[in-house]
Amino acid sequence: MSSLPVRAERRCHNAVNPLHSCLFFSPDLGAELGKLGVEDPSAAYFATRAAAFGAVGAGTVTATFYNFNPALVAQHVPAVWSVASPEQVLGARLRAADATLRRLLGEEVIASDEMAEAARLALRATEACTPHARPLYAAHAELPVPDEPHLAFWHAATLLREHRGDAHLAALLAAGLDPVESLVSHTATGKGMAIRWILSSRGWRRTDWEAASGRLRERGLLATGEEPALTDAGTALRAEVEEATDRMDRAPYAHLGAEGVERLTELGRGFLFTAASNGAFPAEATGR
């Protein structure tokens with residue numbers, strides 16, 4: 001399908017995505033949404049990521065976010081839209097992205113030729129993104145591209161992230177991994193998030209986690225033991241999920257071409273190095 005090196009799309013995603021997802025862990029986002037009256041962290045997350053849909057209900061957010069407890073979603077959606085409209089949230093989100101990138105990268109990087117180049121490359125990649133069966137990507141693709149290069153880059157990184165994320169959910173569904181099983185199996189790879197943080201942020205109880213672990217053990221995917229660990233079959237299934245995600249996410253990077261992907265990856269890594277020097281990312285900010 002393309003002449004890209006193996007997993008080039010995954011490496012590029014890993015270099016670009018943190019510059020999108022760091023927003024959700026930024027105090028700038030909390031400050032901007034707080035001015036609108038949105039102060040609960042879960043409400044802020046749901047509103048920030050779902051605002052591109054418009055004033056949708058809990059069902060849409062539950063379906064497209066996949067691994068959150070529907071009861072947690074229903075606590076905040078659609079009620080959050082009575083506090084701040086989607087349009088207000090989108091404005092606050094862009095202001096927070098601006099403040100966060102300026103703080104993490106510095107004015108010199110923001111105004112650099114490298115940032116303008118990264119924006120051009122990332123936007124070119126998005127030309128090959130497709131909306132079918134990708135609701136979060138499709139909703140964000142209808143938003144205008146900001147004029148300033150660093151915000152155009154952030155916008156493009158958002159599109160690439162949601163395009164891949166939608167594909168990843170399709171891969172999880174095809175693998176027969178429900179929301180909690182997906183979290184357990186990812187943690188069991190050794191690359192996932194801390195269990196306590198997952199339970200608190202996703203709204204699940206420890207009993208939900210244990211029940212999902214039991215189902216995975218019955219399928220021969222999870223080993224017996226206190227700490228989550230995959231069996232060989234579980235490792236193979238998670239690898240299959242990642243490979244399927246790569247396949248469904250290859251088009252933007254194939255469109256950009258091997259040289260462009262390599263350059264965008266290089267630029268993204270350079271920005272990450274600068275950002276880490278100015279205020280390191282939390283581990284969760286680097287995830288899918």
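## Helix packing and local geometry in a predicted model

Helix α3 (residues 27–36) and helix α7 (residues 86–105) approach each other with their axes within 8 Å and cross at roughly 150°. That angle makes α3 roughly antiparallel to α7, where angles over 145 degrees count as roughly antiparallel, under 35 as roughly parallel, 65 to 115 as roughly perpendicular and the rest as oblique. The model is predicted, and local features need pLDDT of at least 70, side-chain atom pairs count only at pLDDT 80 or more, and totals for chains, interfaces and linings use all residues. Residues are numbered from 1 along each chain as its sequence is written, and side-chain values use heavy atoms, with hydrogens and water left out.

Helices (H or I, at least four residues) are DSSP runs numbered from the N terminus. Axes are lines fitted to C-alpha atoms, for helices over the stretch in contact, with angles from 0 to 180 degrees between N-to-C directions.

### Packing around α7

The crossing of α3 past α7 is right-handed, that is, the near helix is turned clockwise from the far one by less than a right angle. In α3, the residues P27, D28, L29, E32, L33 and L36 meet Q88, V89, A92, R93, R95, A96, A99, T100 and R103 of α7, contact meaning heavy atoms within 4.5 Å. By class, this contact of α3 with α7 has 8 nonpolar, 2 polar and 5 charged residues. Here Ala, Val, Leu, Ile, Met, Phe, Trp, Tyr, Cys and Pro count as nonpolar, Asp, Glu, Lys and Arg as charged, and the others, Gly among them, as polar.

Helix α7 also packs against helix α11 (residues 149–174), with axes within 10 Å and a crossing of roughly 115°. The two helices, α7 and α11, are therefore roughly perpendicular. This crossing of α7 past α11 is right-handed. R93, L94, A97, D98, L101 and R102 in α7 meet H150, L151 and W154 in α11. The contact of α7 with α11 divides into 5 nonpolar, 1 polar and 3 charged residues.

### Aromatic pairs

The structure holds 9 aromatic pairs, defined for rings of Phe, Tyr and Trp (its six-membered ring) with centres within 6.5 Å; planes under 30 degrees apart count as stacked, over 60 as edge-to-face and the rest as tilted. The rings of F46 and F65 have centres 6.0 Å apart and planes at 55°, so this pair is tilted. Because F46 lies in helix α4 (residues 41–50) and F65 in helix α5 (residues 58–65), the pair ties together parts that are 19 residues apart in sequence. One aromatic cluster is formed by F24, Y45, F46, F65 and F68.

Helix α5 also contains T62. The C-alpha atoms of T62 and F46, 16 residues apart along the chain, are separated by 9.7 Å. Leaving aside residues up to four places away in sequence, T62 touches P70 and V73.

### Accessibility and backbone features

Relative accessible area is classed as buried under 20%, exposed over 50% and partly exposed in between (1.4 Å probe, protein chains only).

| Residue | Relative accessible area | Class |
|---|---|---|
| F46 | 1% | buried |
| F65 | 4% | buried |
| R7 | 38% | partly exposed |
| A133 | 71% | exposed |

R7, in the segment before α1 (8–16), has a positive phi of about 60° although it is not a glycine. A133, in the loop between α9 (113–126) and α10 (135–141), has a positive phi near 60° and is likewise a residue other than glycine. The peptide bond from V77 to P78 is cis, with omega near 10°, and P78 lies in the loop between α6 (70–76) and α7.
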